[in-house]
Amino acid sequence: MKVQGRMFIWLAVFILVIAIVYGVWSKEPAGTTALFLAFGLSIMIGYYLAFTARRVDVGAQDNKEADVADDAGELGFFSPHSWQPLSLGIGGAMAFLGVVFGWWLLFFSVPVIMVGLFGWVFEYYRGENANQ
């Protein structure tokens with residue numbers, strides 16, 4: 001994680017320099033603002049990765065003597081099946097269609113989004129997938 005943190009911090013420094021140069025030369029507020037926001041996002045990610053790297057064990061990517069096989073293993077838990085992303089997608093599509101056809105469509109899309117969101121959050125707290 002140290003390498004990724006440093007990469008994002010150096011990327012943030014580069015974007016800051018580019019934002020200043022772009023702002024001085026172009027005097028265009030939209031692009032300058034976008035570059036400064038990109039700087040802010042990069043510095044946040046870089047700081048998080050650098051801060052987290054100090055608190056966790058050294059990973060294989062931080063060891064110069066590591067092999068590819070040293071980084072193998074379980075990456076995390078991924079849900080094998082879930083219907084909740086489908087309901088979130090349908091609700092999101094209805095919400096964006098509400099911008100096109102009329103804001104009244106949001107009254108129908110918000111309940112669909114809420115059902116999908118609560119179902120996704122509490123998916124492993126009830127039913128056959130409930131953990132002890």
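A polar contact here is a pair of N or O atoms within 3.5 Å; within protein, one atom must be able to donate a hydrogen and the other to accept it. With that in hand, here are the close-up views of this predicted model.

**Figure 1. Thr 52 and the backbone of Tyr 48.** Let's begin in helix H2, which runs over residues 29-55 and holds Thr 52. The side chain of Thr 52 comes to 2.7 Å from the backbone oxygen of Tyr 48. Is Thr 52 buried or exposed? With a relative accessible area of 14%, Thr 52 is buried, because the cut-off for buried is under 20%.

**Figure 2. Thr 32 and its contacts.** We stay in helix H2, where Thr 32 also lies. Thr 32 counts as buried, at 14% relative accessibility. Which residues does Thr 32 touch, leaving aside its neighbours within four places in sequence? They are Ala 19, Tyr 22, Gly 23 and Ser 26.

**Figure 3. Arg 6 and Tyr 47.** Now look at helix H1, residues 2-26, where you will find Arg 6. Arg 6 is exposed, and its relative accessible area is 54%. Along the chain, Arg 6 and Tyr 47 are 41 residues apart, while 8.6 Å separates their C-alpha atoms.

**Figure 4. The buried residues of helix H4.** Helix H4 covers residues 106-121. Within H4, the residues Ser 109, Gly 116 and Gly 119 are buried. Around the axis they cover an arc of only 100°, which means that they sit on the same side of H4. An α-helix has 3.6 residues a turn, so residues three or four places apart point the same way. Helix H3 (84-101) is part of what covers the buried residues of H4.

Figure 5. To finish, here is the wider setting. An unreviewed UniProt entry places the feature "transmembrane region" at residues 7-25, 31-51 and 95-122. In the model, residues 7-25 are 100% helix and 0% strand, with 27 Å between the end C-alpha atoms. Residues 31-51 are likewise 100% helix and 0% strand, and their end C-alpha atoms lie 30 Å apart. The protein chain is divided into domain 1 (1-57) and domain 2 (83-122). How far apart are the C-alpha centres of the two domains? The distance between the centres of domain 1 and domain 2 is 33 Å.

Conventions:
Residues numbered from 1 in each chain as written. Predicted model: local features only at pLDDT ≥ 70, side-chain atom pairs only at ≥ 80, totals over all residues. Heavy atoms only, no water. UniProt positions renumbered as here; feature names shortened; annotations may be inferred. Helix = DSSP H or I, 4+ residues; strand = E, 2+ residues; numbered from the N terminus. Domains from an automatic or database assignment. Expected span 1.5 Å × (residues − 1). Buried < 20%, exposed > 50% of the residue type's maximum accessible area, 1.4 Å probe, protein only. Arc of directions from axis to C-beta. Contact = heavy atoms within 4.5 Å.
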